[in-house]
Amino acid sequence: MSESRVLPVSPSLLETNVRELETSPRGYTPGELHDMARSMDEVYRRMDAGSSRDSLLALRSSPDPSERRVGEACASVFRGRDSSNPLRADVVDGRLVVDSGNHRVRAAQDLGLQAIPVEVRGRDVGELARVEKMNADAVGADYPRLREHTDRAAEQRPRERQRVR
């Protein structure tokens, strides 16, 4: 895969890896995954109101459990639990196949979330454009707003060190 883009993706379009789902999620209980997925609507609501990614991430240290869940939800989907494990899917024969974050995607599917941020990897820009159109159709009228939040969160993400090969 030579091109990638972070997009708000409808969980219904994502195919999870069944073998990956047979193992336990790294560091999260199934209940925690569902709580975080439920909190995504609140993350998007706060982003609509102007909250930054960093202010939402800071909620992870709040004494209020519901605030901590919002912070954990933001951390989980916008940067992964340890900032090195984002939700990631590859375009395979026109389908989106989850490469990283199978349990988080399954929790979002179970809860019927409208969209979650996913790093989508494809062969070229044209393939990503086709996926984005398919996804925009699946998400519906809220897609531009969700795309704006995803873009803004990606811009606020600290630059990560690039690996030297």
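Is Glu-127 buried or exposed? In this predicted model, Glu-127 has a relative accessibility of 5%. The cut-off for buried is under 20%, so Glu-127 counts as buried. Glu-127 sits in helix α6. What does Glu-127 touch, leaving aside residues up to four places away in sequence? The answer is Val-91 and Gly-122. There is also a polar atom of the Glu-127 side chain 2.5 Å from the backbone nitrogen of Arg-123.

Helix α6 itself covers residues 125-139 and lies across β1, β3, β4 and β5. Relative to β1, helix α6 runs at about 0°.

Now the whole chain. The protein has 165 residues, and 42% of them count as buried. There are 7 helices and 5 strands. Reading from the N terminus, the order is β-β-α-α-α-α-β-β-α-β-α-α. If we take contacts with a separation of 6 or more, 75% of them are between residues 24 or more positions apart. As for the surface, the protein exposes about 9100 Å², with 46% of that coming from carbon and sulfur atoms.

Next, the sheet. In what order do the strands stand? The 5 strands make an open sheet, ordered β1-β5-β3-β4-β2, with mixed pairing. Strands β1 (3-9) and β2 (14-15) are at the edges, and each has a single partner strand, so one side of each has no neighbour in the sheet.

Let me stay with β3, residues 88-92. Of its 5 residues, 4 are buried. Strand β3 is joined to β4, residues 95-100, by 5 bridges, and the two run antiparallel. Within that pairing, Asp-90 has Val-97 as its bridge partner, and Ala-89 stands opposite Val-98. With β5, residues 116-122, strand β3 pairs in the parallel sense, over 3 bridges. Here Ala-89 has Val-120 as its bridge partner. So that you can follow the side chains on the screen: in a regular strand they alternate between the two faces of the sheet.

Between β3 and β4 is a loop, and Asp-93 lies in it. The hairpin has 2 residues between its strands. What is the phi of Asp-93? It is near 50°, a positive value in a residue other than glycine. For background, most residues other than glycine have a negative phi. Asp-93 has a relative accessible area of 71%, so it is exposed. A positive phi also turns up at Gly-112, near 70°, and this residue follows helix α5.

Helix α5 takes in residues 102-111. Its buried residues are Asn-102, His-103, Arg-104, Val-105, Ala-107 and Ala-108. To read such a pattern, recall that an α-helix has 3.6 residues a turn, so residues three or four places apart point the same way. Ala-107 has a C-alpha atom 9.2 Å from that of Gly-31, although the two residues are 76 apart along the chain. Gly-31 belongs to helix α2, residues 30-48. With a relative accessibility of 39%, Gly-31 counts as partly exposed.

Last topic, charges. Side chains of opposite charge can pair when their charged atoms come close. How many salt bridges does the structure hold? There are 17. One of them joins Arg-46 and Glu-67, with the closest N and O atoms 2.5 Å apart. This pair links distant parts of the chain, since Arg-46 is in helix α2 and Glu-67 is in helix α4 (residues 65-78), 21 residues apart. Both Arg-46 and Glu-67 are buried.

A salt bridge also connects Arg-53 and Asp-54, at 3.1 Å from N to O. Arg-53, at 1% relative accessibility, counts as buried, whereas Asp-54, at 44%, counts as partly exposed.

Which residues share partners and form one network? They are Arg-88, Asp-90, Asp-99, Glu-119 and Arg-121. Asp-99 has a relative accessibility of 40% and counts as partly exposed.

That is where I will stop.

Conventions. Residues numbered from 1 in each chain as written. Predicted model: local features only at pLDDT ≥ 70, side-chain atom pairs only at ≥ 80, totals over all residues. Heavy atoms only, no water. Buried < 20%, exposed > 50% of the residue type's maximum accessible area, 1.4 Å probe, protein only. Contact = heavy atoms within 4.5 Å. Areas by Shrake-Rupley, 256 points an atom, 1.4 Å probe, with all protein chains shown as cover. Pairing = 2+ DSSP bridges. Axes fitted to C-alpha atoms, helices over the stretch in contact; angles between N-to-C directions. Polar contact = N/O pair within 3.5 Å; in protein donor to acceptor, adjacent residues only side chain to side chain. Salt bridge = Lys/Arg side-chain N within 4 Å of Asp/Glu carboxyl O.
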